[in-house]
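Okay, thanks everyone, let's get going. I'd like to walk through some local geometry in this one, so please have the viewer open.

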Amino acid sequence: MSVNRPAAVIVLAAGEGTRMKSQLPKVLHEIGGRSLVGHVLAASRELDPLHTVVVLGHARERIAEHLALIAPEAVTAVQEEQKGTGHAVRMALEDLARQGIEPTGTVVLTCGDTPLLRGATLSELVSFHEKEGNAVTVLSARVPDPHGYGRIVRDADGGVTAIVEQADGTPEELAVDEINSGMYAFDGALLAQVVHRIGSDNAKGEEYLTDALALLRGDGHRVGAWAAEDADEVQGVNNRVHLAQARRLLNDRLLHGHMLAGVTVVDPATTWVDVGVRIGRDTLVEPGTRLRGTTSVGEDAVVGPDSDLTDTVVADGAKVRRTTADRAEIGPGADVGPYTYLRPGTRLADRTKAGAFVEVKNANIGSGSKVPHLTYVGDADIGVGSNIGCSSVFVNYDGVDKSRSTIGDHVRIGSDNTIVAPVTVGDGAYSGAGTVVRDDVPPGALAVSEGHRQRNVEGWTARKRPGTASAEAAHRARPAREAQGVEDAERHRAGDQ
């Protein structure tokens, strides 16, 4: 729906949120990988407003730091004392005025604790407001149980005559199921005038923004209301129960969208996704799966069951079962799991395998290579078509520094090996079971442990594994190795001279 750019969006986020019982400011609590106020700002951003102002009070330094990261376009206004919603809006407008900004056009007021609010709903509110020529339009909703909310009272023409609070309503007024969300679209020029006329002659001594509606109506201006199609969008989060309810509703919404786009989610009740997650068509998401942050899953993949992926890329056709991954890359057709841990910096190429009880950290595993089970690979580069035997460990840390190991193409590391970095195992090489690899292994050689020393049997692969991919890889590596040998000899002779 096409609407004019609002002059400003004002987000009210100054409250202390004591009912959350938390040291974390209420609007910084997170659902779906985004803070409560972050959700509101994301919805507001879809309006493309000329200005965005967030009114802060409690814990304002901490919230301002967060806003600088997620919404650098927003400016903040400070409400030193929480004297009501009308006072908060006045603080925002006065801050804009100090910058020489007098909002002319539509000003949208939102609440920082309504994470289910959609940008499309705000767009429809603004469109209705401008079409009707209202001084102010209330964003309302119809709910099955309106108890505790302010009721929208309309006249015969649909205009709003009053917002009646629960304690003040007549039986007829309390029977109304249309409630006030606390969010509005205002004529900016009229709002700038009326906020200075709102009094504080009430039990709490606060300036209530709802009083502005009566003032504008008394001046002969039209006051309207537009009801959101989904009442959940206007629900605020005031405690941990509300937080859990909002998290579930948001997750259901996100999964609904993924399923309509061609993703199979076996059990939505146990599957959780963040707002930044992308999933391709014909991918299967098994029960007990959590996809966090910017995780991206390609097409025809299988994720789960019982997998937790954060900021991870899963390519087309990969299978990821019972796996925890953080900032990892899983290539096309890769097979990961079960009970696998991929730590930051892990990059699995196409058709790789990281199997049961395998941990990988800051390592590159080349096309078709396999780390089948019970192995730790840290700070390593593994080439194409290699296999790391069961129960092997890459020893990357000497107590002071971390070093990398390099495993070439078509290498066969035996079971229960210890690879002590920094070390290089050449293309086509083998190692015996239980070997401690402390020294470089030439291409095509067999490394074995003899007591406390390592012995390399050169040419072993060519003699014992002729015709294999390992033998061919070793053969291809020979010219490079021979050239390196000549270069080393020349360097040695130059040193003697």
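Let's begin at Ala228. If you skip its neighbours within four places in sequence, Ala228 is in contact with Thr121, Leu139, Ser140, Ala141 and Val234. One thing to keep in mind throughout: this is a predicted model. Ala228 belongs to the loop between β11 (223-227) and α8 (240-260). Is it buried or exposed? Ala228 has a relative accessible area of 7%, and under 20% is our cut-off, so we call Ala228 buried. For a sense of scale, take Arg60: from Ala228 to Arg60 is 168 residues in sequence, and 30 Å in space, C-alpha to C-alpha.

Now hop over to Asn180, in strand β10, residues 178-187. What does Asn180 touch, leaving aside neighbours within four places in sequence? The contacts are Val138, Leu139, Tyr149, Gly150, Ile152, Ile163 and Thr210.

Look at α1, residues 36-45, and α2, residues 60-70: their axes come within 11 Å and cross at roughly 40 degrees. What do we call that arrangement? Roughly parallel needs an angle under 35 degrees and roughly perpendicular starts at 65, so α1 and α2 come out as oblique to each other. The crossing of α1 past α2 is right-handed. On the α1 side the contact is made by Val37, Gly38, Leu41 and Arg45, and on the α2 side by His66, Leu67 and Ile70.

Next, aromatics. How many aromatic pairs does a search of the whole structure find? The search gives 3, and I'll show you two of those. In the pair Tyr339 and Phe357, the ring centres are 5.2 Å apart and the planes sit at 20 degrees, so that counts as stacked. Why do I say this pair ties parts together? Because Tyr339 is in the loop between β24 (335-336) and β25 (340-342), while Phe357 is in strand β27, residues 353-361, so the parts it joins are 18 residues apart in sequence. As for accessibility, Tyr339 is partly exposed at 47%, and Phe357 counts as exposed at 51%.

Then there's Tyr430 with Trp460, which is tilted: 5.1 Å centre to centre, with 55 degrees between the planes. This pair links distant parts of the chain, 30 residues apart, with Tyr430 in strand β37 (residues 430-431) and Trp460 in helix α9 (residues 460-464). Tyr430 is buried, at 14% relative accessible area, and Trp460 is buried, also with 14%.

While we're on rings, have a look at Tyr397. The charged end of Lys402 sits over that ring, 5.9 Å from the centre.

Most residues other than glycine have a negative phi, and most peptide bonds are trans. So where are the exceptions here? Gly304 and Pro305 are joined by a cis peptide bond, omega about 5 degrees, and Pro305 sits in the loop between β18 (302-303) and β19 (308-310). The bond from Gly337 to Pro338 is cis as well, with omega near 0 degrees.

On the phi side, Asp300 is not a glycine, yet its phi is positive at about 55 degrees. Asp300 lies in the loop between β17 (296-297) and β18 and is partly exposed, at 48% relative accessibility. Arg351 also has a positive phi, near 60 degrees. Arg351 is in the loop between β26 and β27, exposed at 51%.

Last stop, Thr352, in the loop between β26 (347-348) and β27. Buried or exposed? Thr352 is at 1% relative accessibility, so it counts as buried. Apart from neighbours within four places in sequence, Thr352 is in contact with Ala334, Asp335, Ile365, Gly366, Ser367, Gly368 and Ser369.

How values were computed:
Residues are numbered from 1 along each chain as its sequence is written. This is a predicted model: local features need pLDDT of at least 70, side-chain atom pairs count only at pLDDT 80 or more; totals for chains, interfaces and linings use all residues. Side-chain values use heavy atoms; hydrogens and water are left out. Rings of Phe, Tyr and Trp (its six-membered ring) pair if their centres lie within 6.5 Å; planes under 30 degrees apart count as stacked, over 60 as edge-to-face and the rest as tilted. Helices (H or I, at least four residues) and strands (E, at least two) are DSSP runs, numbered from the N terminus. Buried means under 20% relative accessible area, exposed over 50%, partly exposed in between (1.4 Å probe, protein chains only). A charge sits over a ring if NZ of Lys or CZ of Arg is within 6 Å of the ring centre and within 35 degrees of the ring normal. Axes are lines fitted to C-alpha atoms, for helices over the stretch in contact, and angles run from 0 to 180 degrees between N-to-C directions. Angles under 35 degrees count as roughly parallel, over 145 as roughly antiparallel, 65 to 115 as roughly perpendicular and the rest as oblique. A crossing is left-handed if the near helix is turned anticlockwise from the far one by less than a right angle, and right-handed if clockwise. Contact means heavy atoms within 4.5 Å.
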